[in-house]
Amino acid sequence: MKTMDKRRVVFTMLLLFSCLCFFILSLQLNFMKVCFFCLNSSGMLMFNFGGDNGTFLLLPNARCEQKPPFLVILVATRHKEVEARTAIRRTWGKDQTIGNKRIAVFFLVGTMAEQEKKAEANIAAESLIYRDIIQKNFTDTYYNLTLKTVMGLEWIDHFCPQTKFVMKTDTDMFVNVFYLTELLVKKNRTTHFFTGYQKLNEFPIRSRFSKWYVSEEEYPAQLYPPFCSGTGYILSTDVAHNVLTVSKSVPFFKLEDVFVGMCLQKLNIMPEPLYSEETFFPDKIEFSICRFRKIVTCHHIRPSELLIYWNALNRTTEESC
């Protein structure tokens with residue numbers, strides 16, 4: 001019995017000590033204003049990407065001051081998507097000049113769980129080789145795409161404000177950088193501009209079986225603000241800066257493209273068409289050389305398909321349509 005009593009005393013002391021340490025740590029974090037998601041005075045969950053979480057773990061060799069880009073494409077990716085990143089680097093993701101316009105592509109990643117140290121080592125090694133990866137310390141999950149996107153905008157704001165445009169897209173996308181550059185030049189709008197596949201009257205999906213399920217607690221309104229599909233949208237750099245600034249006062253929302261729309265609504269900025277005909281396709285469309293010459297994006301493209309499509313387009317540049 002005496003042994004059991006001693007164990008209880010030791011356990012109680014350890015428990016009290018742990019609680020005291022946690023309390024002190026909480027005070028320190030509060031003093032430093034370190035948090036990912038913070039409650040404001042109204043009790044709403046707000047987005048905060050500052051403090052210790054604001055440190056970039058991996059940075060690319062962007063050369064924005066020496067060679068200012070016309071367009072920076074930020075590609076949301078996951079550690080395991082090595083084949084997709086390789087295919088992009090060999091196709092539309094090359095650092096290239098179209099006309100006299102530099103196009104630069106960088107990949108956005110978060111971090112893996114503690115047990116996935118090999119994946120972290122692999123992404124660090126990949127970064128050393130290609131110097132095109134941007135990373136911060138947040139868990140890399142689908143519902144953290146908002147964190148990933150805001151990280152990209154923050155990187156632009158700090159390290160590449162010289163670019164005229166910023167595009168956010170994904171690894172399973174075909175992006176016709178040649179036609180996109182042509183249309184942006186023709187549009188002749190380098191400020192106050194946001195475009196993509198417009199979603200102007202979308203409502204929250206309340207079915208719990210959907211990937212995009214949103215409860216009434218998360219979003220009580222019946223209609224989303226106007227936004228563009230997260231498969232590919234473009235912001236002028238001033239809009240990217242303003243979205244980053246206002247994101248700190250907009251309640252965090254797990255659907256990244258809707259969150260950007262919420263920020264734009266607060267800025268009174270509406271999505272605009274890039275061209276008189278639709279050029280952004282959030283779904284897969286059948287490949288043909290003539291069709292893909294006149295689109296900007298196409299979704300659900302496997303790495304092997306991307307290489308085939310890109311090579312076919314490059315082999316037949318003179319073919320009339």
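Me: Does Trp-212 count as buried, partly exposed or exposed, and at what relative accessibility?
Reply: In this predicted model, Trp-212 is found in the loop between strand 10 (194–199) and strand 11 (227–236). Buried means under 20% relative accessible area and exposed means over 50%, with partly exposed in between. Because Trp-212 has a relative accessibility of 41%, the residue counts as partly exposed.

Me: Which residues are the closest to the centre of the largest pocket?
Reply: The largest pocket has a volume of about 980 Å³. Its lining is made up of 36 residues. Those closest to the centre are Tyr-142, Asp-170, Lys-211, Trp-212 and His-299.

Me: Which element gives the most to the lining of the largest pocket?
Reply: Helix 4, strand 8, strand 11 and helix 7 (256–266) each give two or more residues to the lining of the largest pocket. With four residues, the element that gives the most is strand 11.

Me: What is the volume of the largest cavity?
Reply: The count comes to two cavities of 30 Å³ or more. The lining of the largest cavity includes Leu-74, Leu-108, Thr-149 and Lys-168. Its volume is about 50 Å³.

Me: Which element gives the most to the lining of the largest cavity?
Reply: Helix 4 (145–159), strand 8 (165–170) and strand 11 each supply at least two residues of this lining. Val-166, Met-167 and Lys-168 are among the lining residues. With three residues, the element that gives the most is strand 8.

Me: Which residue just after helix 5 takes a positive phi?
Reply: Helix 5 covers residues 177–187, and Val-177, Tyr-179, Leu-180, Thr-181, Leu-183 and Leu-184 are buried there. In an α-helix, residues three or four places apart point the same way, because there are 3.6 residues a turn. Just after helix 5, a positive phi of about 55° is taken by Asn-188.

Me: What share of the contacts in the protein chain with a separation of 6 or more is between residues 24 or more positions apart?
Reply: The secondary structure of the protein chain comes to nine helices and 13 strands. Of the 321 residues, 48% are buried. Among contacts with a separation of 6 or more, the share from residues 24 or more positions apart is 75%.

Terms used:
Residues numbered from 1 in each chain as written. Predicted model: local features only at pLDDT ≥ 70, side-chain atom pairs only at ≥ 80, totals over all residues. Heavy atoms only, no water. Buried < 20%, exposed > 50% of the residue type's maximum accessible area, 1.4 Å probe, protein only. Contact = heavy atoms within 4.5 Å. 1 Å grid on protein atoms, 1.4 Å probe; cavity = no way out; pocket = protein on both sides within 12 Å on 5 of 7 lines; lining within 4 Å. Points joined across faces, edges and corners; volume = space filled by probe spheres on them.
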